[in-house]
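Colleague: I'd like to learn how to read a predicted model before I plan around it. Could you take me through one?

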Amino acid sequence: MANLPILQFEKQIVETVDQNPVVVIIGETGSGKSTQLSQILHRRGYTKSGIIGVTQPRRVAAVSVARRVAQELGVHLGDEVGYAIRFEDRTSERTHIKYLTDGVLLRESLSDPELSQYSVIILDEAHERSLNTDILLGLMKRLVRMRASNLKVLITSATLDGEKVSNFFSNCPILSVPGKLYPVEILYSNERPTSYLEASLKTALDIHIREPEGDVLIFMTGQDDIEKLVSKLEDRVQSLEEGSCLDAIILPLHGSLPPEMQVRVFSPPPPNCRRFIVATNIAETSLTVDGVVYVIDSGYVKQRQYNPSTGMYSLDVVQISKVQANQRAGRAGRTRPGKCYRLYPSILYNDDFLDVTVPEIQRSSLAGSVLYLKSLDLSDMDILKFEFLDPPSPESLEDALKQLYLIDAIDENGLITSFGRVMAELPLEPSLSRTLMEANECGCLFQALTVAAMLSAETTLLPGRSKSIEKKRKHAHLDLPDGSGWGDHIQLLQIFEEWDRTNYDIGWCKDHNLQVRGMLFVKDVRKQLSQIMQKIAKGSLDVRANGRWKEGEQDYRNLRKALCIGYANQLAERMVHHNGYRTLGFKPQVVQVHPSSVLKPDDEGKLPEYVVYHELIATSRPYLRNVCAVEIHWVMPILNKVKKINVNKLSGGTDLTVEGTEGKLSDLPKKEVNIAGVPDDHE
Ligand code: ADP
């Protein structure tokens with residue numbers, strides 16, 4: 001810690017922060033930005049007048065860095081140093097350094113628009129350009145004007161174009177912390193391998209046999225690839241014919257790992273041992289693993305992209321940008337000269353790779369963000385006047401407004417409704433929030449809370465590779481009451497109800513192939529959501545969440561109705577002659593129900609005529625994931641509403657082009673490979 005580059009600039013940093021409300025700090029990954037800046041400002045006394053908040057785009061990073069800082073200061077995590085991520089708050093009255101995800105800070109600003117408890121806000125990892133950090137950048141601009149005398153804002157980044165951010169903040173100072181990076185030799189492949197996984201395996205084994213000691217960091221695209229490569233490496237390292245004089249430890253690193261597995265990468269290897277760390281892009285800049293000398297770069301990343309004209313998400317393996325490639329290479333030169341093996345030819349890097357990664361704001365659904373901005377209720381926070389570093393496209397703004405209108409969050413004139421205000425307060429996507437509110441009206445909030453919690457924790461429910469999650473769920477051999485014919489939401493509810501009946505027996509989870517950690521998380525999330533609903537209810541809602549489990553068709557029917565109203569923007573109608581569906585959005589798509597769904601055909605072999613879906617995702621083809629059967633007389637009023645949509649009115653009569661819009665969806669990187677599974681970004 002003592003020799004971290006940033007510490008040599010402590011005096012300069014403190015002076016600049018003392019004299020300026022906003023400072024941009026650019027420093028190489030691993031220079032100490034995330035762990036040291038908060039401590040420097042704490043030493044300088046900034047925690048006397050408030051707390052220091054440090055935002056992270058990734059949950060894993062918030063937890064990991066907070067743990068590290070608590071350790072360095074010799075305090076218990078959750079006391080002086082804590083973290084807050086969605087559904088998990090480990091802070092206390094005593095906390096004065098708080099790591100939190102950018103989403104949590106946005107939510108805090110709803111109840112306290114001036115974020116008055118903070119004396120310093122550090123937007124860390126701004127180069128990741130997460131949607132929430134981008135919104136925070138705009139928000140900070142306003143906040144600095146309001147609290148110029150008692151708020152300091154620091155924006156830190158490993159690669160960000162400092163000038164651009166500085167211009168955004170009226171030419172605020174930029175401090176560059178020179179990194180201590182050793183030279184890294186870049187070795188290109190002659191051509192793209194047919195399998196980057198096999199090519200990575202071969203390269204890793206070659207390094208192990210031929211190269212001197214030093215850890216190997218391998219960039220894969222997601223949990224699936226990582227687990228495959230870890231298992232192959234384990235087999236092959238044992239049986240190497242030529243052998244290596246070093247032992248080997250193989251460690252996965254991705255956002256879905258349990259915390260105790262994540263921290264393993266921070267322990268140094270035993271003597272005479274080489275570590276192979278097989279990671280997602282989380283190791284690019286979010287987490288710095290010491291001891292890496294060799295990097296293997298597949299050149300790919302798994303990215304979730306939203307197409308506003310179809311409402312479809314795709315989870316694509318796409319080529320990384322040049323900035324990302326250079327970050328990956330940089331990981332090899334932290335302790336001594338290193339090597340980076342790029343599994344692609346230099347001509348591809350030069351001619352085909354984008355210079356920078358497309359910011360998330362230009363590849364996400366904006367419904368949640370637009371609702372958030374509308375709920376801030378500040379005249380200068382109109383979405384069209386909001387100052388974005390890179391503005392979103394008019395298509396995605398239009399899509400967001402239409403979606404919000406269909407779920408009653410805004411009225412036909414684009415003004416936020418009382419429903420919309422409550423929805424913005426819930427830490428859920430707008431459709432799920434709307435479902436809870438409708439469930440409250442229909443008297444099935446108790447059940448809907450469970451479904452919301454199960455959906456929020458879905459990725460942690462089942463062990464093993466993400467691809468097989470649904471398959472396992474389907475074959476969990478749960479003896480569930482009849483009703484799964486209505487779809488996946490009802491089944492998720494029944495799974496939890498069964499567990500509840502066992503009095504939360506851990507053995508029951510194991511017997512049914514459900515991950516204990518995931519189920520406990522669901523229980524906790526459910527409790528939190530219920531508390532939030534109770535709190536909100538004091539103002540405007542009538543919460544009737546005190547029933548016990550009530551099975552019976554009527555409850556399931558009410559719940560399905562609530563889902564239909566909540567997901568009014570995600571309806572589909574069965575095709576006449578077969579079991580395919582057509583979405584009922586603004587640009588209908590022909591889709592299939594995902595094979596993992598438990599939705600059952602009736603005796604005549606037909607699936608329900610109408611369904612709502614949780615997600616429309618393009619893998620090998622467009623699929624609806626998590627579907628629920630709904631009834632025609634709930635659907636008709638929604639379709640009538642769709643017909644009446646007047647975008648001109650919704651947008652307050654203005655053109656939806658935000659000044660200076662750069663980049664459109666059509667500029668997004670070309671799709672390379674499709675992979676089914678669970679999103680890995682924002683792990
Ligand atoms: P930056 O934010 O500039 O990328 P960090 O502050 O994250 O740099 O990292 C500084 C150093 O602290 C690195 O050497 C990194 O390995 C170490 N570090 C960060 N988090 C942890 C952790 N949870 N456990 C152990 N070491 C850590």
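Modeller: Happy to. Start with pLDDT, the predictor's confidence in each residue, from 0 to 100. This is a predicted model, in which local features need pLDDT of at least 70 and side-chain atom pairs count only at pLDDT 80 or more, while totals for chains, interfaces and linings use all residues. Residues are numbered from 1 along each chain as its sequence is written.

Colleague: Over which residues does pLDDT stay under 50?

Modeller: One such stretch is 464-472, with 18 contacts beyond four places in sequence in the model; two residues are in contact if their C-beta atoms, placed from the backbone, lie within 7 Å. Residues 660-683 are also below 50, and that stretch has 63 contacts beyond near neighbours in sequence. Where pLDDT is low, the predicted coordinates should not be read in detail. For the protein, the average pLDDT is 85, and 87% of the residues score at least 70. For the complex, the predictor gives an ipTM of 0.96 and a pTM of 0.86.

Colleague: At what angle do helix 2 and helix 3 pack?

Modeller: Axes are lines fitted to C-alpha atoms over the stretch in contact, and angles run from 0 to 180 degrees between N-to-C directions. Helix 2 and helix 3 pack at about 50°, their axes 9 Å apart. Helix 2 is therefore oblique to helix 3: angles under 35 degrees count as roughly parallel, over 145 as roughly antiparallel, 65 to 115 as roughly perpendicular and the rest as oblique. In this pair, Ser-34, Thr-35, Ser-38 and Gln-39 of helix 2 meet Val-65, Arg-68, Val-69 and Glu-72 of helix 3. Those residues comprise 2 nonpolar, 4 polar and 2 charged.

Colleague: How do helix 12 and helix 13 cross?

Modeller: The axes of helix 12 (residues 367-376) and helix 13 (residues 394-406) come within 8 Å and cross at roughly 75°, so helix 12 is roughly perpendicular to helix 13. Ala-367, Val-370 and Leu-371 of helix 12 meet Leu-397, Ala-400, Leu-401, Gln-403 and Leu-404 of helix 13. This contact has 7 nonpolar residues, 1 polar and no charged.

Notes:
Helix = DSSP H or I, 4+ residues; strand = E, 2+ residues; numbered from the N terminus. Nonpolar A, V, L, I, M, F, W, Y, C, P; charged D, E, K, R; others polar.
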